[in-house]
Amino acid sequence: METVELAKQKHLILSPEEAQERQIDYVENWRSAAEGQWVKTDTGMVLRILKKGIAGTTPWIRTCCGTYPARDNCTLDHYVREHRYTFT
């Protein structure tokens, strides 16, 4: 388990086993998850979608690690970005 602070709030990054121990249900396909849901990243960890939106024609999601385009050719990882509010 890893804890990341963003906007003075602590957010968890969990392994699937840790999520199961905490009885956290998560979505396998993060692109289709709703804001507030827990998702499994392409790197195999579990974290929460904090915000979801559209910039122009590009759908995006924000997690405690950064902001990611939610397109089929993009991946979601669990590595904390220096610039979390821009596409990474």
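I began at Val39, which stands opposite Leu47 in strand 5. This is a predicted model, in which local features need pLDDT of at least 70 and side-chain atom pairs count only at pLDDT 80 or more, while totals for chains, interfaces and linings use all residues. I number residues from 1 along each chain as its sequence is written, and my side-chain values use heavy atoms, with hydrogens and water left out.

My helices (H or I, at least four residues) and strands (E, at least two) are DSSP runs, numbered from the N terminus. I count two strands as paired if DSSP finds at least two bridges between them. Strand 4 (residues 38-40) and strand 5 run antiparallel and are joined by three bridges. They belong to an open sheet of three strands, ordered 3-4-5, with mixed pairing. Strand 3 and strand 5 (46-48) are the edges, as each pairs on one side only.

I looked up the pairing of strand 7 (residues 58-62) with strand 8. It is antiparallel, over three bridges. Ile61 has Tyr68 of strand 8 as its bridge partner.

Strand 1 (residues 2-6) and strand 2 (residues 9-13) run antiparallel, with five bridges joining them. Leu6 has Gln9 of strand 2 as its bridge partner. The two strands form a hairpin with two residues between them. In that turn, Ala7 has a positive phi of about 55°.

**Entry: the cores**

Which residues touch the most other members of the largest nonpolar core? I found Ile13, Trp30, Val39, Ile61, Cys65 and Leu76, in a core of 13 residues. Another core, of five residues, lies apart from it; Leu14, Ala19, Ile24 and Val46 are among its members. By nonpolar core I mean a set of buried Ala, Val, Leu, Ile, Met, Phe, Trp, Tyr and Cys residues joined through side-chain atoms within 4.5 Å. Buried means under 20% relative accessible area, exposed over 50%, and partly exposed in between (1.4 Å probe, protein chains only). In soluble globular proteins, nonpolar side chains tend to be buried together.

**Entry: two cysteines**

I checked for disulfides (pairs of cysteine sulfur atoms within 2.5 Å). The count comes to zero. For Cys64, the nearest cysteine sulfur is that of Cys65, 4.0 Å away, and Cys64 is in no disulfide. Cys64 is buried, at a relative accessible area of 1%. Cys65 sits in the loop between strand 7 and strand 8. Cys65 counts as buried because its relative accessibility is 0%. I also took its separation from Val27: 38 residues in sequence and 17 Å in space, C-alpha to C-alpha.

**Entry: Asp77**

Is Asp77 buried or exposed? Asp77 counts as buried, because its relative accessibility is 13%. I placed Asp77 in the segment after strand 8 (67-69). Its side chain makes a polar contact of 3.2 Å with the side chain of Tyr68. The Asp77 side chain also reaches the backbone nitrogen of Tyr79, at 3.2 Å. A polar contact here is a pair of N or O atoms within 3.5 Å; within protein, one must be able to donate a hydrogen and the other to accept it, and residues adjacent in sequence count only if both atoms are side-chain atoms. Leaving aside neighbours within four places in sequence, Asp77 is in contact (heavy atoms within 4.5 Å) with Thr41, Thr43, Leu47 and Tyr68.

Arg22 lies in the loop between helix 1 and strand 3. It is partly exposed, with a relative accessible area of 45%. Not counting residues up to four places away in sequence, Arg22 touches Met1, Leu12 and Leu14. Its C-alpha is separated by 20 Å from that of Glu5, 17 residues apart along the chain.

Gln23 is found in the loop between helix 1 (16-21) and strand 3 (26-27). Gln23 is exposed, with a relative accessible area of 72%. I noted its phi: positive, about 60°, although Gln23 is not a glycine.
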